[in-house]
Number of protein chains: 2
Amino acid sequence: MFVGMGLNDEQGISLRGLELASKADLVICECYTSLMPRLSLESLQTRIRKPVKVLSRKQLEDYVDEFVVEQAKKKMVVLLVPGDPMIATTHISVRIRAEKQGIRTRVVHGASIVTAVMGLSGLQNYKFGKSVTVPFPKGEVVSDVPYQVIAENRMRGLHTLVFLDVRAEEGRYMTIRDALAILSSLESLKSLGVVTAETLTIGVARAGADDPLVRAGPVREILNFDFGGPPHTLVFPGRLHFVEAEALEVLGGAAKSALKGYAE
Amino acid sequence: MFVGMGLNDEQGISLRGLELASKADLVICECYTSLMPRLSLESLQTRIRKPVKVLSRKQLEDYVDEFVVEQAKKKMVVLLVPGDPMIATTHISVRIRAEKQGIRTRVVHGASIVTAVMGLSGLQNYKFGKSVTVPFPKGEVVSDVPYQVIAENRMRGLHTLVFLDVRAEEGRYMTIRDALAILSSLESLKSLGVVTAETLTIGVARAGADDPLVRAGPVREILNFDFGGPPHTLVFPGRLHFVEAEALEVLGGAAKSALKGYAE
């Protein structure tokens with residue numbers, strides 16, 4: 001059974017998820033596919049009233065039969081996962097693997113960073129196009145995929161949800177500042193003018209925490225804004241309905257001038 | 001404060017949401033923007049240990065100052081909302097209205113039908129394009145918007161999440177069968193061949209419930225499949241990665257032949 005832990009800390013899990021974890025024979029957990037900086041394993045174990053075994057990326061990806069699938073043949077296993085469980089490809093693969101071996105799986109959903117960021121940005125969920133992740137550059141090589149996705153969505157008037165690379169096991173995460181610097185540095189694409197100093201963007205920090213921060217404005221302004229701790233996410237708006245524009249002003253502190261040219 | 005109730009019933013709320021609702025001076029709830037067919041108000045009240053006032057669409061949309069905003073000036077108000085709170089436009093508007101009057105708002109996220117359906121379908125979240133809703137036809141007029149959105153996404157190789165119209169207050173909801181019949185009936189668009197009897201589609205019923213049902217196959221097959229009770233949702237795949245194709249076979253019961261022509 002896959003149970004989503006939702007956002008931020010051990011209080012993000014649903015009542016249904018907590019109840020099923022309490023009834024399980026074995027509770028395992030992975031915390032590397034997404035950042036839950038305030039998750040307390042101790043408090044989680046107290047609530048579930050049993051030990052929780054934390055799996056590494058290697059254990060879940062290379063030794064999944066030993067640590068998960070074989071266990072689930074003999075007893076009721078709950079795998080706790082950050083956010084909503086089937087968003088990371090890893091978990092879909094584990095699920096397929098288990099089902100193929102005749103194990104009936106089940107999913108208990110949790111709040112996801114995907115809808116949390118869409119909602120906090122004040123933009124309308126159905127107007128988001130394809131989403132994308134900005135990866136850490138490999139040496140000198142900077143991926144132009146995020147740039148292309150933003151451009152394609154904008155041509156259709158759609159918003160882009162931009163995830164920033166996280167290496168939770170190394171305690172390393174990309175900040176909004178890092179990401180905007182990367183997106184502005186692609187000399188070869190500058191002529192397209194998709195991400196310039198004046199492009200409207202929305203920084204969302206700590207979605208799901210008690211102290212989330214949303215700030216909308218031109219790239220040059222957001223680049224220098226201090227968003228505090230992780231996780232960080234970005235949204236590049238396409239065309240704005242007047243309620244969306246108002247949300248960016250009231251909830252994101254955007255100046256009216258920054259929204260010019262984005263009206264629907 | 002906006003608190004997401006997550007999916008299916010009163011057990012979908014997070015521990016954080018439950019705790020805050022328990023501390024609130026006034027707890028109100030709306031159940032019309034999304035279908036939670038198994039929500040028990042009684043059980044919800046028992047868990048929160050206080051009465052929950054249910055608002056109608058009219059009260060939340062036309063008399064929001066009286067029923068929500070004015071109350072929140074004097075005391076701590078929690079508005080319980082199906083799914084993740086800021087997905088429906090109504091709640092974004094209420095939030096903007098409150099903030100403009102100097103009331104500090106907060107959002108406690110919940111599991112959403114958006115990521116639940118994406119995850120259950122076995123398709124990868126970042127490959128979904130714009131989503132769309134199939135509305136009930138108005139007399140003879142059938143909207144061609146869903147058809148156009150599916151076509152545009154598919155041209156880019158992207159999947160489309162298709163919500164089906166719900167009129168929770170009338171107890172009326174569109175089934176997968178209704179929606180496929182509507183999408184197949186657009187004579188004027190048939191030449192485009194976007195939704196034909198052979199088009200691959202995925203029906204997802206009761207995402208978030210204990211008995212969700214996922215079935216993938218050609219429209220002619222899914223149209224005649226009995227999905228049982230609501231809520232119903234559809235996904236139209238774009239191009240499939242081999243893990244996605246495997247998921248549709250193993251988790252959605254699709255025949256290999258139905259997946260032909262969709263490989264990435």
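The legends below describe close-up views of a predicted model.

In this predicted model, local features need pLDDT of at least 70, side-chain atom pairs count only at pLDDT 80 or more, and totals for chains, interfaces and linings use all residues. Residues are numbered from 1 along each chain as its sequence is written, chains are lettered from A and ligands numbered from 1 in the order in which they are written, and side-chain values use heavy atoms, with hydrogens and water left out.

**View 1. The overall form of chain A.** The secondary structure of chain A consists of 10 helices and 12 strands; helices (H or I, at least four residues) and strands (E, at least two) are DSSP runs, numbered from the N terminus. Along the principal axes, the C-alpha atoms of chain A fill a box of roughly 60 × 40 × 30 Å. Of the 264 residues of chain A, 58% count as buried, where buried means under 20% relative accessible area, exposed over 50%, and partly exposed in between (1.4 Å probe, protein chains only). Among the contacts in chain A with a separation of 6 or more, 76% are accounted for by residues 24 or more positions apart; contact means heavy atoms within 4.5 Å.

**View 2. The two chains and their axis.** Two copies of a chain are related by a rotation about an axis and a shift along it. The same surface serves both copies, as 100% of the contact residues of chain B recur in chain A.

**View 3. An open sheet in chain B.** Five strands form an open sheet of chain B in the order S6-S7-S12-S10-S11, with mixed pairing; two strands pair if DSSP finds at least two bridges between them. Strand S6 (132–134) and strand S11 (213–218) of chain B stand at the edges, each with a single partner strand, so one side of each is left without a neighbour in the sheet. From one strand to the next, the twist averages 25 degrees.

**View 4. Strand S10 of chain B and its partners.** Strand S10 (residues 200–205) of chain B pairs with strand S12 (residues 232–236) of chain B in the antiparallel sense over four bridges. In S12(B), B:His232 is the bridge partner of B:Ala205, and B:Val235 is that of B:Ile202. S10(B) and S11(B) are also antiparallel, pairing over six bridges, and in S11(B) the bridge partner of B:Ala205 is B:Leu213. In a regular strand the side chains alternate between the two faces of the sheet. Both faces of S10(B) are covered: B:Leu200, B:Ile202 and B:Val204 are buried on one side, and B:Thr201, B:Gly203 and B:Ala205 on the other.

**View 5. A:Leu213 and its surroundings.** A:Leu213 lies in strand S11 (residues 213–218) of chain A. At 26% relative accessibility, A:Leu213 counts as partly exposed. Not counting residues up to four places away in sequence, A:Leu213 touches A:Gly203, A:Val204, A:Ala205, A:Arg206, A:Phe225, A:Asp226 and A:Phe227. A:Asn224 is 11 residues from A:Leu213 in sequence and 14 Å from A:Leu213 in space, C-alpha to C-alpha.

Note on methods
Axes are lines fitted to C-alpha atoms, for helices over the stretch in contact, and angles run from 0 to 180 degrees between N-to-C directions.
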